[in-house]
Amino acid sequence: MCGIFAAVNQNPVTQHLLTGLSCLSYRGYDSSGIAVIENGLIRRQRAAGKLENLRQLVEGNPIQGLIGIAHTRWATHGLPTEKNAHPHMTEEVAVAHNGIVENHHSLKLRLEAQGCEFQSETDSESIAQLITFHLRRGMSCQDALRVALQEIEGSYGLVVLFRQQPDQLYVARRGSPLVIGRSNDGYFVSSDENALSGLATQVYHLQDGELGRLSTSLFRLRDIQGNQKACRFVDFHQMHVDSGKDGFDHFMLKEIHEQPAVFERCLRQYLSEDQERLEYPIPGSILEKVSRLTIVACGTSFYAGQVAKYWIERVAGLPVDVDIASEFRYRQAPLDQQSLAVFVSQSGETADTYAALQHARKRGLTCLAIVNVVNSTIAREADYVLPIHAGTEVGVASTKAFIAQLTTFLGLTLALGRASAYLGAEAERALVAEMLNFPEQMSQLISQKSMYSAISRELRHCSNALFLGRGISSALAQEGALKLKEISYIHAEAYPAGELKHGPLALVDEHLPVIMIAPRDELLGKSLSNLREVAARGGRIILFSDKEGIEECRDFIVQGHALPPVHELLQPLQYTIPLQLLAYYTALIRGNDVDQPRNLAKSVTVE
Ligand code: M6R
């Protein structure tokens, strides 16, 4: 999603701005732009489409200066065109903005009535116009910005250049992250700490309501009322950024292949010395008090929560609610103070999940974050954090983060089971022993390329697909459908198989591929009965089950793939792998951009 990069430096910044933008590009974007102060004037270049378009534009018509701002845009208000790309500017001011100006319509009407001429369809332009309006009424740069920010409703991470102050860069934050990096030659600013790698030695994470002014040698911080504030930079421990594909065709494929190692890293992070249990950095006194869990997340992280619900209810005997983050804070659910609220996010920056966390905190709940990016906003604001140790995930379609989220949830399940005395030591020992062997089994499953290619040929020309499962596999079916639709653009739905005859069975005919996830568990018999109902209506069934399950259905399925036996609690991790790979190979055979699917962003930082 939108990304900000800015620099004020003793050396020319244009190259830094372009490199900064390319570090942000994995988040997903559809246009980009930079603005630099050159010889006392603000100069700007913007381009729709890939960053390469902007790079070529800048090469053809170079702009150079010691201070500049840059942006990758993911369209929310207005088409992904050059005119809607950031920075937005007037003669006096240039602005790059992440977030949403909710009252942009009324601001625009008011400013147009005063003679301001808008150039774009975006909400963000209203910030540049509003600041300019206040400047023209005689305010100083800082006051014009401060007053404008007080009038804006919504969220922002903002970097601002003023023509009048060609050596000063302004930054402000409300609800959308910005981090300031200090180097020997000046300052860099970004919405994503990763983009500061190799540049900054120390960082400061701007807090909501703060407004900063930077020059090459100075950083001054105020609140929005204008009061000075102190701040403390901390040493920057750079996250290892996997920049290459390591010989794989796509980041997604590379990340799927990393999963056995990710699983093992995550496991070993929490493994006790005697290798018999998983120990989590949450005090026993907190876990023992938990009477209910509320898990809140979006997308794939939400489905990880759905899987966890089945585990925790079964192994720890605790009730679990799982909420879509964008719904959670608006549905006025009565929240129990003894609940543990768990926020799951790969990026740790998803706007809805973050807002849900703030909501739960206000209601006095203990908040636990399960995140990949440990310096993220969600991680910083939770009471407890469980990092999932997946490493940087670049592919927009989440894969290894899902596996790492499940692994972390499985450990949490064991910790809760122990705390509630629901889980015996022997059962835990047996599972941990199986977990130690599991990476090898994952690798074998990932290597079966011909099986996934065969399924992708089956799905290649479909417009729709149906994913089915029962019990915990119904949660996995949802993740399978999400993976397929987001990268192959095939419409896919997921249903608990038992729900089929209450409606979706009407969709089944000889054109509809039905992907059934039926591991050996207490529901297998019921799953296979549901499958017969599909077969009786001519559905083209692709079945993932164990050897006996496949044998039993041999005469009415189009394809059957047998997975080897594993501990029942590990089955969701195991059955995830074929779902990811069938989505990957289907997207590939359809010629889609696997790593950056259309319309999607890696990190969704607007509501
Ligand atoms: O960073 P988060 O885990 O909070 O992101 C949540 C979703 O946006 C994300 O899982 C999305 O659904 C992925 N594209 C799924 O592959």
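The pair comes before the two other sites.
User: At what angle do the axes of helix H15 and helix H19 cross, and which residues make the contact?
Analyst: This is a predicted model in which local features need pLDDT of at least 70 and side-chain atom pairs 80 or more, while totals for chains, interfaces and linings use all residues. Residues are numbered from 1 along each chain as its sequence is written, and side-chain values use heavy atoms, without hydrogens and water.

The axes (lines fitted to C-alpha atoms over the stretch in contact, angles from 0 to 180 degrees between N-to-C directions) of H15 (residues 449-459) and H19 (residues 571-589) come within 8 Å and cross at roughly 55°. On the H15 side, the contact (heavy atoms within 4.5 Å) is made by Lys-449, Met-451, Tyr-452, Ser-453, Ile-455, Ser-456, Arg-457 and Leu-459. H19 supplies Ile-577, Pro-578, Leu-581, Leu-582, Tyr-585, Thr-586 and Ile-589. By class, ten of these residues are nonpolar, three polar and two charged.

Gln-346 sits in the loop between strand S18 (339-345) and helix H11 (351-362). Its relative accessibility is 11%, so Gln-346 counts as buried. Beyond its neighbours within four places in sequence, Gln-346 is in contact with residues including Ser-301, Asn-372, Glu-393 and Lys-602. Helices (H or I, at least four residues) and strands (E, at least two) are DSSP runs numbered from the N terminus.

Note on methods: Buried means under 20% relative accessible area, exposed over 50%, partly exposed in between (1.4 Å probe, protein chains only). Ala, Val, Leu, Ile, Met, Phe, Trp, Tyr, Cys and Pro count as nonpolar, Asp, Glu, Lys and Arg as charged, and the others, Gly among them, as polar.
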